[in-house]
Amino acid sequence: MKASAFGYARATSIENALQLLAAHGDGAKVLAGGQSLMPAMNLRLLSPEFIVDIGAIADLRGIAVSRDVVRIGALTRHVDLLRSPEIAAHAPLLTQAIAHVAHPAIRNKGTIGGSLAHADPASELPACMLALNATIVVSAAAGERRIAAEDFFTGIYQTVLSAQELVIAVELPVAPKNSAHYFFEFARRHGDYAIAGLAAQAIVQGDAFADLRLAFFAVGDRPVLARAAAKLVDVAITPALLSEAAKDLSEELDPLGDQQASASMRRHLAKVLLAHGAAALLDRPDLNAGVLV
């Protein structure tokens, strides 16, 4: 099957891209790396009237570190993030997660901005943005606005972006020296869609968490920043406490069932990830013993 007929323009600048989006309204779609949009169009799951190709806009590429912020251009490819020494040094969670994004052919073309705008609830990068407390920078004819990652995703393939807005960058706080990170996903094969996954970032003081952000994916209609993490901050972590937090997590999740896993299986795997993640972040394998999930 091939895509239905559509108009096409290759934007020469951010301003030009915004002009094209304003001119074509809700009938337009932005083409970045094309790794999600083009398959959906070929299957006729999407049938946009007009494609705005932003792939030639150099201002949307690159990684820069300024003081305590890492800024990533929206057209920065997954493979560039994976190979970046700046990302490895200042946002290592992202380096670890990128290796799980699909397969090399996809990582060579896919972009961070495209992944976030696509908002697949089983995708790794949206969850990482929540765990890293990222800010997503978007532009429109009226100017820029900055959106906290936890406010950006609204449902399956849905965000707060309007049809006339364009993701231009992502900003991440530089990871402090006493931070720790964890990433794991359950999938039938490496590179397949996740059945359940966790991206986590913590500030560790001694044997306790001074801060803990647990972002689950593939367990709902959007990535979930778990409220249950608050139970584990500024307290002594024990298997019993982890079991309580896992119970709270189970109650706040609303996973969907499909051909890969039932809702109850996804809920169980999320609780397993919480326990394993906390143990790994604190470097305390003993915590896994006795945790009831």
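## Briefing on a predicted single-chain model

Leaving aside neighbours within four places in sequence, Gln260 is in contact with Arg188, Tyr193, Ala194, Ile195 and Arg266. The model described here is predicted. Gln260 is placed in the loop between H10 and H11. Because its relative accessibility is 19%, and buried means under 20%, Gln260 counts as buried.

**Overall dimensions and composition**

- The chain contains 11 helices and 14 strands.
- For 293 residues, a compact globule would have a radius of gyration near 19 Å, and the chain agrees with this because its own value is 19 Å.
- The C-alpha trace spans about 60 × 45 × 35 Å along the principal axes of the chain.
- Of the 293 residues in the chain, 51% are buried.
- Contacts between residues at least 6 apart in sequence join residues at least 24 apart in 61% of cases.

**Surface and charge**

- The chain has an accessible surface of about 13300 Å². Carbon and sulfur atoms account for 52% of that surface.
- There are 25 positive and 29 negative side chains in the chain. The centres of these two sets are 5 Å apart.

**Helix H1 and its cover**

- Helix H1 comprises residues 14-24, and its buried residues are Asn16, Ala17, Leu18, Leu20 and Leu21.
- The cover over the buried residues of H1 includes five strands: E1 (7-10), E2 (28-31), E3 (50-53), E6 (135-140) and E10 (166-173).
- Gly25 follows H1 and has a positive phi, near 55°.

**Strand pairing around E5**

- Strand E4 (residues 63-66) and strand E5 (residues 69-73) run antiparallel and are joined by four bridges.
- Ser66 has Val69 of E5 as its bridge partner.
- The hairpin of E4 and E5 has two residues between the strands, and Arg67 in this hairpin takes a positive phi near 55°.
- E5 is also joined to E10 by five bridges, and these two strands run antiparallel. Opposite Val70 stands Leu172 in E10.

**Aspartates with positive phi**

- Asp234 is not a glycine, yet its phi is positive, at about 60°. Its location is the loop between strand E14 (224-225) and helix H10 (239-252).
- Is Asp234 buried or exposed? Asp234 counts as exposed because its relative accessibility is 60%, the cut-off for exposed being over 50%.
- Asp283, likewise a residue other than glycine, has a positive phi near 55°. Asp283 lies in the segment after helix H11 (263-281).
- With a relative accessibility of 66%, Asp283 therefore counts as exposed.

Notes. Residues are numbered from 1 along each chain as its sequence is written. This is a predicted model: local features need pLDDT of at least 70, side-chain atom pairs count only at pLDDT 80 or more; totals for chains, interfaces and linings use all residues. Side-chain values use heavy atoms; hydrogens and water are left out. Buried means under 20% relative accessible area, exposed over 50%, partly exposed in between (1.4 Å probe, protein chains only). Contact means heavy atoms within 4.5 Å. The radius of gyration is taken over C-alpha atoms; the globule rule is 2.2 Å times the number of residues to the power 0.38. Accessible areas come from the Shrake-Rupley method with a 1.4 Å probe; for residues, only the protein chains shown count as cover. Lys and Arg count as positive and Asp and Glu as negative; His and the chain ends are not counted. The place of a charge is taken as NZ of Lys, CZ of Arg, CG of Asp or CD of Glu. Two strands pair if DSSP finds at least two bridges between them.
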